[in-house]
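Subject: Structure handover and notes on helix packing

Dear colleague,

I am passing on the structure below, together with some notes on what was found in it. Please read the notes with the coordinates open beside you.

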Amino acid sequence: MTRGVKIQLLLARILCVPALVTRYIKAQRNKFLFQASPLTSAQRDVMSGFFPRELLDLARIVVLDGIRLKNPPFHGLLKTLGFSNLLDLSQISAITFDYVIVSHQTFTNDLLFHELVHVEQYRQLGIRRFSELYVRGFLAGGGYDGISLESNAHELGSRFEADDQDRFSVAEVVAQWIQRDKF
Ligand SMILES: [Zn+2]
């Protein structure tokens with residue numbers, strides 16, 4: 001780990017960035033929950049066997065029409081302090097706030113699967129721990145690619161994309177990653 005990264009990690013801790021992220025995620029979840037819908041029965045059929053029924057009951061989805069997500073208020077502060085390549089929320093395809101998935105585009109099964117892996121991660125880790133790991137991975141790994149929560153979702157997503165009939169338990173894999181301290 002370079003000195004610069006160490007300083008940024010220290011700064012992030014002093015500024016309580018994971019706490020800010022946690023608060024932001026909860027606020028966004030509550031905000032979008034009003035306009036969100038449960039999965040359709042077609043989506044549930046595709047996803048069942050990969051995800052527990054409780055998760056499929058819990059998840060909510062929203063497709064934004066004509067608006068883009070804005071960056072969180074603490075982005076400006078972080079930029080001033082020298083944090084670069086922060087995730088620009090207006091440019092991403094979708095994001096998951098706890099169990100509410102907000103998308104800029106119509107859901108394909110591949111996109112939905114990826115975001116549901118995040119819902120499972122939130123379920124097992126809790127919002128606070130999820131935020132800590134996301135921030136730490138981002139800083140230590142030099143950006144989005146260093147976030148192991150994302151590598152996990154991409155890895156499982158690739159298996160689904162290769163064969164959507166070859167069912168496996170996402171919850172079990174996420175639990176293994178937690179147990180082996182891979183996040
Ligand atoms: Zn993701």
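Which residues in helix 6 meet which residues in helix 9? Before the answer, please keep in mind that this is a predicted model. From helix 6 the contact involves Phe 113, Val 117, Glu 120, Gln 121, Gln 124 and Leu 125, and these meet Val 170, Ala 171, Val 174, Ala 175 and Ile 178 in helix 9. By class, the residues of this contact of helix 6 with helix 9 divide into 8 nonpolar, 2 polar and 1 charged.

As for the geometry of that pair, helix 6 spans residues 109–125 and helix 9 spans residues 170–179, and their axes come within 10 Å and cross at roughly 55°. Helix 6 and helix 9 are therefore oblique to each other, and helix 6 passes helix 9 in a right-handed crossing.

Helix 6 also packs against helix 8, where the axes come within 9 Å and cross at roughly 135°; helix 6 and helix 8 are therefore oblique to each other, and their crossing is right-handed. On the helix 6 side the contact is made by Asn 109, Asp 110, Phe 113, His 114, Val 117, His 118, Gln 121 and Leu 125, while helix 8 contributes Leu 149, Glu 150, Asn 152, Ala 153, His 154, Leu 156, Gly 157, Phe 160 and Glu 161. The contact of helix 6 with helix 8 has 7 nonpolar, 7 polar and 3 charged residues.

Asn 152, which lies in helix 8 (residues 148–162), counts as buried because its relative accessibility is 0%. Leaving aside residues up to four places away in sequence, Asn 152 touches Val 117, Gln 121, Val 173, Val 174, Trp 177 and Phe 183; of these, Val 117 and Gln 121 are also listed for helix 6 in its contact with helix 9, as Val 174 is for helix 9.

In the largest nonpolar core, which has 58 residues, Phe 113 is one of the four that touch the most other members, alongside Phe 51, Leu 116 and Val 170. The largest share of this core, 8 residues, comes from helix 6. As general background, nonpolar side chains tend to be buried together in soluble globular proteins.

With best regards

Conventions
Residues are numbered from 1 along each chain as its sequence is written. This is a predicted model: local features need pLDDT of at least 70, side-chain atom pairs count only at pLDDT 80 or more; totals for chains, interfaces and linings use all residues. Side-chain values use heavy atoms; hydrogens and water are left out. Axes are lines fitted to C-alpha atoms, for helices over the stretch in contact, and angles run from 0 to 180 degrees between N-to-C directions. Helices (H or I, at least four residues) and strands (E, at least two) are DSSP runs, numbered from the N terminus. Angles under 35 degrees count as roughly parallel, over 145 as roughly antiparallel, 65 to 115 as roughly perpendicular and the rest as oblique. A crossing is left-handed if the near helix is turned anticlockwise from the far one by less than a right angle, and right-handed if clockwise. Contact means heavy atoms within 4.5 Å. Ala, Val, Leu, Ile, Met, Phe, Trp, Tyr, Cys and Pro count as nonpolar, Asp, Glu, Lys and Arg as charged, and the others, Gly among them, as polar. Buried means under 20% relative accessible area, exposed over 50%, partly exposed in between (1.4 Å probe, protein chains only). A nonpolar core is a set of buried Ala, Val, Leu, Ile, Met, Phe, Trp, Tyr and Cys residues joined through side-chain atoms within 4.5 Å.
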